[in-house]
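The following report describes the overall layout of a structure and then turns to its helices and loops.

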Amino acid sequence: MQFEKREVNPRAVAVNRGVERAANRAIRAYDRVKARLGLRGRAAAYDDGAYEFVGGARDALRKKHYDKSLRLLWKAEQVAPWSSFRDATDAERTLLSMAERSMTSAEKAERARITGAEFRALLDREYTPAQKRALVAILSAIGHGEAYAWLVSASLLGEVKSTGAKAAVTMQIVEEAKHFVVLRELIQAFDVPVPRLSAWEYVLLEGSLKARGLEKFYAMNVVIETIALSIFGLLADKPGLEVLRMFHLDESRHTALPDNYFKEFPMTAWERHNPRARISRLTKALPALPLVLLLEEELGELGVDAFDFAGAILRKVATLSVRAGFMTRELADRQSVFFNAMFNRYCRLTRAGHAWRNYMEAETTRGAAEAAVEREIFGGGTSDAA
Ligand SMILES: [Fe+2]
Ligand SMILES: [Fe+2]
C-alpha cells in the first residue's frame, strides 16, 4: 500500500506521549487507591493490558454457553410462524421453503404457516375457556419471570469474571429478551386477561434482582430457571405450545451456568456456607412454595397435582444447588424430608382419603425430548430425591 507519509514535529510527538504516560500513571493510581479504600475505583473489570476481562479468557465457559447458544439459536419466525416476528434471515427462509418443498402434502398441511387468527382458532378448538385461563395463569407466572430473568442476567454481566463468562452471560441476556417478547405474544393469543404478579412471585423475583453479587446465580439460575424449566417441560407437548420446547432447551443451559462458572472460579468455603448466605438462600427460595399452592387449582385443571409439580421442582433445585456448591447434600436432603412432610400434612388437611407419598420423587416433565434434555442435567431416575 502506498501512503503519502506526512512529516510531524518529533518533539511535539515526544511531549504528547510523555504527558499521556504521566496522566495514565496518575489516573490508574488514583483509581487503585480508591478501590483499596473501598470506594469506587475503575468501574470496568477489564484488563486492557492483557486485552482480556479480569479473570482471563476461560474458553471452556465460552464454548459451553456462548458457542452452544449460537449453535442452538432459534428464530420465532421459524418455530412460531403465527407470531408477528420476522426474525429469520433470507438463508433461513430459503431453507424453510426447501424443506417444505420436499414434504408430502399431508406433512405440508401439518407444517402450514398458520396466521395469528388461525392460531387463536386452534387454541379455542383445543382448550375450554377454563383450560385457557389455567394455561395463561401458569404461563404468565413465568412470563413475568422472563422480564426479571432479562434484568437479572443483564446485571450479572458486571459480576462475573473472565471473557468466557461474560460471553456466556451475554447469550443468556439475548435469550431472556427473546423469551420475554415471544412468550408475551403466545400468552396474548389466548385472549384471556393476563394476571398480575402474585405476591409470592413478586417477592421471589424482586429478591433475585436484589440478590448480592453471585448470589444472583442461586436465586435466578438455580431457583427461578428450574421453575421455568419445569413449566416448559410440563406444557411443551400440548397442542399449540410446541414453541416452548425451544424455551425448555435454553433454560436447561441457563441452569447449568452456575456450576460451570464455579468450576472456573470456585466459591470459597465461607462464600458457600456462611450463615448469612444460607439463610438468604433459604428465604429466597421459600416464596416458591406458596406460589405453587396458589396455582393448585390451575394445575389441577390440566390434570397435574400441584405437589407433584412442587416436589419435582424442589428435587431439581436441590440437585443444582448441591452441584454448584450452594448447599451440602446433607442439608438438601434434610430440606427435602421437611418439605415432603409439610406437603403430606397439608394434603391430609385438605384432601379426603390422602395417602402419604414421596412427592420429591414425582416427575411432571412430559415430552420425550424434554425428558432427555433433563436427564442430561439432572441424571437418570430419581436418585436425587430425599
Ligand atoms: Fe427464560
Ligand atoms: Fe433462562
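Helix 11 is mostly covered, since 15 of its 21 residues are buried, where buried means that 20 or more other C-beta atoms lie within 10 Å of a residue's own, exposed means 12 or fewer, and partly exposed lies in between, with C-beta atoms placed from the backbone. This is a predicted model, in which local features need pLDDT of at least 70 and side-chain atom pairs count only at pLDDT 80 or more, while totals for chains, interfaces and linings use all residues. Residues are numbered from 1 along each chain as its sequence is written, and chains are lettered from A and ligands numbered from 1 in the order in which they are written.

Helix 11 spans residues 244–264 and reaches 31 Å from its first C-alpha to its last, close to the 30 Å expected at 1.5 Å a residue; the expected span is 1.5 Å times one less than the number of residues.

On the scale of the protein chain, the secondary structure comes to 18 helices and 2 strands, which are DSSP runs numbered from the N terminus (helices H or I with at least four residues, strands E with at least two). The C-alpha atoms fill a box of roughly 90 × 60 × 35 Å along the principal axes, and 36% of the 386 residues count as buried. The chain is divided into domain 1 (1–43) and domain 2 (59–73 + 114–378), with bounds that come from an automatic or database domain assignment. The C-alpha centres of domain 1 and domain 2 lie 48 Å apart.

Two packed helices are described by the angle between their axes and the distance between the axes. Here the axes are lines fitted to C-alpha atoms over the stretch in contact, and angles run from 0 to 180 degrees between N-to-C directions.

| Helix pair | Angle | Axis distance |
|---|---|---|
| Helix 2 (residues 59–71) and helix 11 | about 160° | 9 Å |
| Helix 10 and helix 13 (residues 275–285) | about 30° | 10 Å |

The angle makes helix 2 roughly antiparallel to helix 11, whereas helix 10 and helix 13 are roughly parallel to each other; angles under 35 degrees count as roughly parallel, over 145 as roughly antiparallel, 65 to 115 as roughly perpendicular and the rest as oblique. Helix 2 passes helix 11 in a left-handed crossing, and the crossing of helix 10 and helix 13 is right-handed. A crossing is left-handed if the near helix is turned anticlockwise from the far one by less than a right angle, and right-handed if clockwise.

Most residues other than glycine have a negative phi. Tyr51, which is not a glycine, has a positive phi of about 55° and sits in the loop between strand 1 (46–47) and strand 2 (52–53), where Tyr51 is exposed, with 9 other C-beta atoms within 10 Å. Ser162 also has a positive phi, near 85°; Ser162 lies in the loop between helix 7 (129–156) and helix 8 (163–188) and counts as buried, with 23 C-beta neighbours inside 10 Å.

Asp237, in the loop between helix 10 (215–235) and helix 11, is partly exposed, with 16 other C-beta atoms within 10 Å.
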